[in-house]
Amino acid sequence: MATLVTGGAGYIGSHTAVALHDAGRDVVLVDNFSNSSPKAVDALRALTTPDIACVEGDLLDPATLERAFTDHDIDEVIHFAAYKAVGESVEKPLDYYGNNLGSTIALAQAMADHGVRRLVFSSSCTVYGQPDENPVTEAAPTGAESPYGWTKFMSEQILTDAANATPLDVVLLRYFNPVGAHPSGTLGEDPTGIPNNLVPFLMQVAVGRLEKARVFGTDYDTPDGSGVRDYIHVMDLAEAHVAALDALSDGLSGATAVNIGTGVGNSVLEVIAAVAEAVGRPIPYEIVDRRSGDIAMTWAATEFAADVLGWRASRDLDEMVRDHWRWQSQNPNGFE
Ligand code: UFG
């Protein structure tokens, strides 16, 4: 039996594939390589086993899912494949709704057709919008601020309805801010174009691909005025997926939303200092206006993840940026 991982060549998918292998599972990837590299698959096979299968294709093409489920003995699924750029989603809402919702529905239907009932879905703390209080619990009100965020909100709703009406059991993992890389330095995040996210941007400054970082506002109501987020090591996040599959195998039923964070908030200025420490020299930056749509601060309540999944993050910010830097310094141009 094998675990199907959609978007398996992407940043979180590829690290999760390593964690699944390390936990003794057989892994089948599906990816259309629209925002990922086949070289990520080479890297993860080198870290694990050449036997990891990869179905190349789009989830919106019925032939892709048919091949995945008939050529392989799939008994559980993790669904990562999605468009993920918040700004782009505002420009191209129909592309985002069409791709992210269409693929989720097609995948859930294929699972039903093939009698597969255990699913872990890649969701986001973006479903909490601007939270009223921190730490954010799973009971906090949900909504969204962008078409991207709405696709996560709506996918959660679709899968919850399906879980209520059919044998599907699903864990909706609401990630906070994933950073870091596999400790080998051979697998990591490789964003296309100029990175939107803070740590990839800082890393490209550190290797000289970008001149200086920008801090989007130091006038927030936070201890140092810059935005505060809950950064989580991608390997901790990867292990949370294994824990979620184990919980489903052990009988967790219906639809269960779980926060995946460390419970610790760090500011932009603290992250810049941590990266400078890992790199061994200062990171040049300028303070600019707030980025539209950003919130002041958010971090996760972690008790529910510990209770329901038996999982807690174990790696701190210094380890995240050290591992991210090892990857970036060994691969200044990513997988190219
Ligand atoms: N930031 C900067 N400079 C940059 C990039 C980011 O100062 O160049 C700041 C942001 O203002 C924010 C923090 O760094 O305070 C983190 O920003 P990211 O873009 O790395 O992450 P976000 O928290 O904005 O976004 C993340 C995910 C999204 C998700 C969103 C939900 O990347 O997928 O959380 O809140 F939608």
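Which residues are buried in H1? They are Tyr11, Ile12, Gly13, Ser14, His15, Thr16, Ala17, Val18, Ala19 and Leu20, where buried means under 20% relative accessible area, exposed means over 50%, and partly exposed is in between (1.4 Å probe, protein chains only). Before going on, a word on what you're looking at: this is a predicted model, in which local features need pLDDT of at least 70 and side-chain atom pairs count only at pLDDT 80 or more, while totals for chains, interfaces and linings use all residues. Residues are numbered from 1 along each chain as its sequence is written, and side-chain values use heavy atoms, with hydrogens and water left out.

Let's stay with H1 for a moment. Helix H1 covers residues 11-22; helices (H or I, at least four residues) and strands (E, at least two) are DSSP runs, numbered from the N terminus. H1 has 12 residues and reaches 17 Å from its first C-alpha to its last, close to the 16 Å expected at 1.5 Å a residue, the expected span being 1.5 Å times one less than the number of residues. Since 10 of those 12 residues are buried, H1 is largely enclosed by the rest of the structure. Serine 14, which lies in this helix, counts as buried because its relative accessibility is 1%. The side chain of serine 14 reaches back to the backbone oxygen of tyrosine 11, at 3.2 Å. That pair is a polar contact (N or O atoms within 3.5 Å; within protein, one must be able to donate a hydrogen and the other to accept it, and residues adjacent in sequence count only if both atoms are side-chain atoms). After H1 comes glycine 24, with a positive phi near 90°.

Now for the charged pairs. Side chains of opposite charge can pair when their charged atoms come close. The whole structure holds 14 salt bridges, each a side-chain nitrogen of Lys or Arg within 4 Å of a carboxyl oxygen of Asp or Glu. In one of them, arginine 118 meets glutamate 76 at 3.9 Å, N to O. Arginine 118 sits in strand S5 (residues 118-124) and glutamate 76 in strand S4 (residues 74-79), so this pair ties together parts that are 42 residues apart in sequence. Both arginine 118 and glutamate 76 are buried.

Another salt bridge joins glutamate 156 and arginine 174 at 2.7 Å, N to O. This pair links distant parts of the chain, 18 residues apart: glutamate 156 is in helix H6 (residues 147-165) and arginine 174 in strand S6 (residues 169-175). Glutamate 156 and arginine 174 are buried too.

Next, the ligand. It's surrounded by 17 residues, the closest being Leu198, Arg214, Arg229, Arg291 and Asp294; a residue counts as near when one of its heavy atoms lies within 4 Å. The shell divides into 7 nonpolar, 6 polar and 4 charged residues. Strand S8 (residues 213-216) gives the largest share of the shell, 3 residues.

For leucine 198, a polar backbone atom is 2.9 Å from a ligand oxygen. The protein covers 88% of the 690 Å² of accessible area that the ligand has on its own.

How values were computed. Accessible areas come from the Shrake-Rupley method with a 1.4 Å probe; for residues, only the protein chains shown count as cover. Ala, Val, Leu, Ile, Met, Phe, Trp, Tyr, Cys and Pro count as nonpolar, Asp, Glu, Lys and Arg as charged, and the others, Gly among them, as polar.
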